[in-house]
Structure formats: C-alpha cells, structure tokens
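Welcome! Here is a friendly briefing on one protein model, to read alongside its sequence and 3D view.

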Amino acid sequence: MSDLLQRLRDRGWRLTAQRRVVAEVLDGEHVHYTADEVHARAAERLPEISRATVYNTLGELVSIGEVVEVSTDGRAKRYDPNAHHSHQHLVCSRCGVIRDVRPSGDPLALLPEEERFGFTLSEATVTYRGLCPSCSSAG
C-alpha cells in the first residue's frame with residue numbers, strides 16, 4: 001500500500017489543495033495512472049484543477065523521488081506512488097494494465113558476473129509481461 005500522503009507530510013512538502021488532490025488520486029496499491037487519468041480523477045474532486053497543474057505536480061513528485069515514472073512499450077507514461085517499496089511490474093501486453101509484484105530473490109544477483117562487463121550494479125528493473133485475466137478470457 002502506498003503511503004504517499006504521509007511521506008509528503010513527513011518531508012514538509014507544501015500541500016496546497018491542488019497538490020493534495022493529486023497525491024490523494026495517486027495514493028494506493030497498484031496505482032499506475034497516466035497524467036490524463038490523474039487529471040480526470042483529480043477534477044472529480046476539485047473541478048477547477050488544470051491539466052498544467054497536474055503535470056507540474058507529477059513532475060515535482062518524480063523529481064523529489066516520491067513517485068516513479070513507468071514507461072512500457074511506447075504507451076503513455078504512468079505514475080507509481082510506490083517509490084519506496086521494492087517491487088517489479090507485471091504488464092498486460094494487450095490492454096496495458098500494470099500490477100505491482102514482489103518476486104522472491106534479488107534481481108541483481110540473477111545477472112552472472114561474466115555478463116556484467118565490469119559494471120558495478122546498483123539496481124535492476126524487471127518487467128513481466130503477459131495477458132491479464134480479462135484479456136486472456138477475451139481470446
């Protein structure tokens with residue numbers, strides 16, 4: 001579960017009404033909205049919020065490390081509030097739905113030494129792909 005609002009409070013980030021509603025929209029588990037989806041959901045709560053404010057707020061949240069941009073297969077960027085919880089992504093190849101997954105084991109350890117070419121590894125991002133239950137049953 002994302003704890004985005006609490007993390008923002010703890011860091012003293014100024015929570016204007018607009019910033020708060022964007023953070024509230026993003027707060028939760030398995031949240032991976034596009035900027036337009038964030039804007040639509042934010043506008044339901046705060047009708048006067050502009051698209052520019054949403055984009056600027058998302059950019060700030062990414063720059064301070066509280067939200068991660070997720071890009072998959074040339075689709076629109078999505079925003080993940082689970083920036084401080086180690087996880088990977090499971091992506092539906094057909095509809096693009098994204099789920100957070102926590103596989104066992106260290107993905108850094110999976111790359112053999114001879115395949116590192118002298119690199120000192122600091123992180124690994126693994127994306128699992130397949131068809132979600134809805135797309136699998138649709139044939």
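How many bridges join strand β4 (residues 88-92) to β5? Four bridges join them, and the two strands run antiparallel. This is a predicted model, where local features need pLDDT of at least 70, side-chain atom pairs count only at pLDDT 80 or more, and totals for chains, interfaces and linings use all residues. Residues are numbered from 1 along each chain as its sequence is written, and side-chain values use heavy atoms, with hydrogens and water left out.

**The hairpin**
- β4 and β5 form a hairpin with five residues between them, and Gly-96 in the turn has a positive phi of about 90 degrees.
- Val-91 stands opposite Ile-98 in β5.
- Strands here are DSSP runs of E, at least two residues long, and helices are runs of H or I, at least four long, numbered from the N terminus.
- In β5 (residues 98-101), Ile-98 and Asp-100 lie on the covered face, while Arg-99 and Val-101 lie on the uncovered one.
- In a regular strand the side chains alternate between the two faces of the sheet.

**The three-stranded sheet**
- An open sheet has the strand order β1-β3-β2, with antiparallel pairing (two strands pair if DSSP finds at least two bridges between them).
- β1 and β2 (68-70) stand at the edges with a single partner strand each, so one side of each has no neighbour in the sheet.
- β2 and β3 pair over three bridges, and the bridge partner of Val-68 is Asp-80 in β3.

**Helix α3**
- Ala-35, Val-38, His-39 and Ala-42 are buried in α3 (residues 35-45) (under 20% relative accessible area, 1.4 Å probe, protein chains only).
- These residues cover an arc of only 100 degrees around the axis, which puts them on the same side of α3 (the arc is that of the directions from the helix axis to the C-beta atoms).

Technical notes
Buried means under 20% relative accessible area, exposed over 50%, partly exposed in between (1.4 Å probe, protein chains only).
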